[in-house]
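Let's take a walk through this structure together, one piece at a time. Please have the sequence and the 3D view open as you read.

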Amino acid sequence: MSYTLHCTKKLLARIKPPVMEGGPPSTNLLGNWYATAVFWKPQVALLVNEATLLPVLMPLAPASNLAERFPQHLALVLAAHGVAQKLIDHEVEKMREARHAKTASRSLLGMMNEFTFLAEVYRGMERDADLLTLAIKLSKTPCSPKDRGTIFPYCELQRVAGMWDSSNRNP
């Protein structure tokens with residue numbers, strides 16, 4: 001019951017985890033996540049889902065246990081998007097253990113850079129916006145990942161959640 005957190009060099013330098021090469025696939029529904037540090041005051045971590053491009057913003061400190069704190073912040077974002085509590089509980093349960101790896105996708109790095117830029121803009125426009133509000137706003141950004149056309153992260157999340165829901169209905 002684990003997931004892989006692909007971290008940028010600057011985030012790896014902050015959290016100093018053991019970094020794995022390869023390894024088994026993630027057991028959670030959403031799969032792998034990418035993460036970077038955003039040096040605001042206070043500092044923030046930006047995490048982006050590999051499959052849906054769903055962004056999550058959360059406090060970076062304490063950086064040493066970022067991966068352990070992440071599932072609870074993800075649960076808040078999923079709930080804000082209207083995802084069923086049963087699926088949220090399932091996802092959090094499957095994310096009990098994190099494996100750290102280096103980033104492996106330049107496309108995802110580009111998305112994190114774009115989300116960081118947009119979050120700065122939104123933050124400047126709405127000084128009192130919290131991290132959850134910013135993450136929800138970012139999820140409505142049109143994205144064009146390599147070989148996938150234009151997608152919206154919140155729509156991709158709803159698609160994945162809908163597939164899970166239909167396959168887990170009780171007869």
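This is a predicted model: local features need pLDDT of at least 70, side-chain atom pairs count only at pLDDT 80 or more; totals for chains, interfaces and linings use all residues.

Setting aside residues up to four places away in sequence, Leu47 touches Leu5, Trp33, Tyr34, Ala35, Leu54, Pro55, Val56, Met58 and Phe70. Leu47 belongs to the largest nonpolar core, which has 34 residues. Along with Leu5, Leu11, Trp33, Phe70, Leu74 and Leu78, Leu47 is among the members that touch the most other members. The element that gives the most to this core is helix H2 (66-80), with 7 residues. Apart from this core lies another one, of 20 residues, which includes Leu53, Met111, Leu118 and Tyr122.

Now look at the sheet. What is the order of the strands in this open sheet of 5 strands? It reads E4-E3-E2-E1-E5, and the pairing is mixed. The edges are formed by E4 and by strand E5 (97-102), each of which pairs on one side only. On average, neighbouring strands are turned by 30 degrees against each other, direction ignored. As a general point, strands of a sheet pair through backbone hydrogen bonds, either parallel or antiparallel.

E1 and E2 run parallel and are joined by 3 bridges; Cys7, for instance, has Ala35 in E2 as its bridge partner. E2 and E3, in contrast, pair in the antiparallel sense over 6 bridges, with Val48 in E3 as the bridge partner of Tyr34. A hairpin of 5 residues leads from E2 to E3. E3 and E4 are antiparallel too, over 5 bridges, and here Leu46 finds its bridge partner in Leu57 of E4.

Is E2 buried or exposed? With 6 of its 6 residues buried, E2 is largely enclosed by the rest of the structure. In a regular strand, side chains alternate between the two faces of the sheet. You can follow this in E2, where Trp33, Ala35 and Ala37 are buried on one side, and Tyr34, Thr36 and Val38 are buried on the other.

Next come the helices. H2 lies across strand E1 (2-7), E2, E3, E4 and E5, and runs at about 125 degrees to E4. Helix H4 (residues 106-125) also packs on the sheet, where it touches E2, E3 and E4. The direction of H4 makes about 135 degrees with that of E3.

H2 has a helix partner as well. Two packed helices are described by the angle between their axes and the distance between the axes. For H2 and helix H3 (residues 85-94), the axes come within 10 Å and cross at roughly 160 degrees. Because that angle is over 145 degrees, H2 is roughly antiparallel to H3. The crossing is right-handed. At the contact, Pro71, Gln72, Leu74, Ala75, Leu78 and Ala79 of H2 meet Ile88, Glu91 and Val92 of H3.

Finally, let's visit the loops. Thr103 sits between E5 and H4 and is partly exposed, at 25% relative accessibility. Thr103 and Tyr34 are 69 residues apart in sequence, and their C-alpha atoms are 6.9 Å apart in space. Beyond its neighbours within four places in sequence, Thr103 is in contact with His6, Cys7, Thr8, Tyr34 and Leu109.

A few loop residues have backbone features to look out for. Most residues other than glycine have a negative phi, and most peptide bonds are trans. Lys16, in the loop between helix H1 (9-15) and E2, has a positive phi of about 50 degrees. Leu53, in the loop between E3 and E4, also has a positive phi, near 65 degrees.

Two cis peptide bonds complete the tour. One runs from Lys41 to Pro42, with omega near -5 degrees, and Pro42 lies in the loop between E2 and E3. Another runs from Ala61 to Pro62, with omega near -10 degrees, and Pro62 lies in the loop between E4 and H2.

Definitions and conventions. Residues are numbered from 1 along each chain as its sequence is written. Side-chain values use heavy atoms; hydrogens and water are left out. Helices (H or I, at least four residues) and strands (E, at least two) are DSSP runs, numbered from the N terminus. A nonpolar core is a set of buried Ala, Val, Leu, Ile, Met, Phe, Trp, Tyr and Cys residues joined through side-chain atoms within 4.5 Å. Buried means under 20% relative accessible area, exposed over 50%, partly exposed in between (1.4 Å probe, protein chains only). Contact means heavy atoms within 4.5 Å. Two strands pair if DSSP finds at least two bridges between them. Axes are lines fitted to C-alpha atoms, for helices over the stretch in contact, and angles run from 0 to 180 degrees between N-to-C directions. Angles under 35 degrees count as roughly parallel, over 145 as roughly antiparallel, 65 to 115 as roughly perpendicular and the rest as oblique. A crossing is left-handed if the near helix is turned anticlockwise from the far one by less than a right angle, and right-handed if clockwise.
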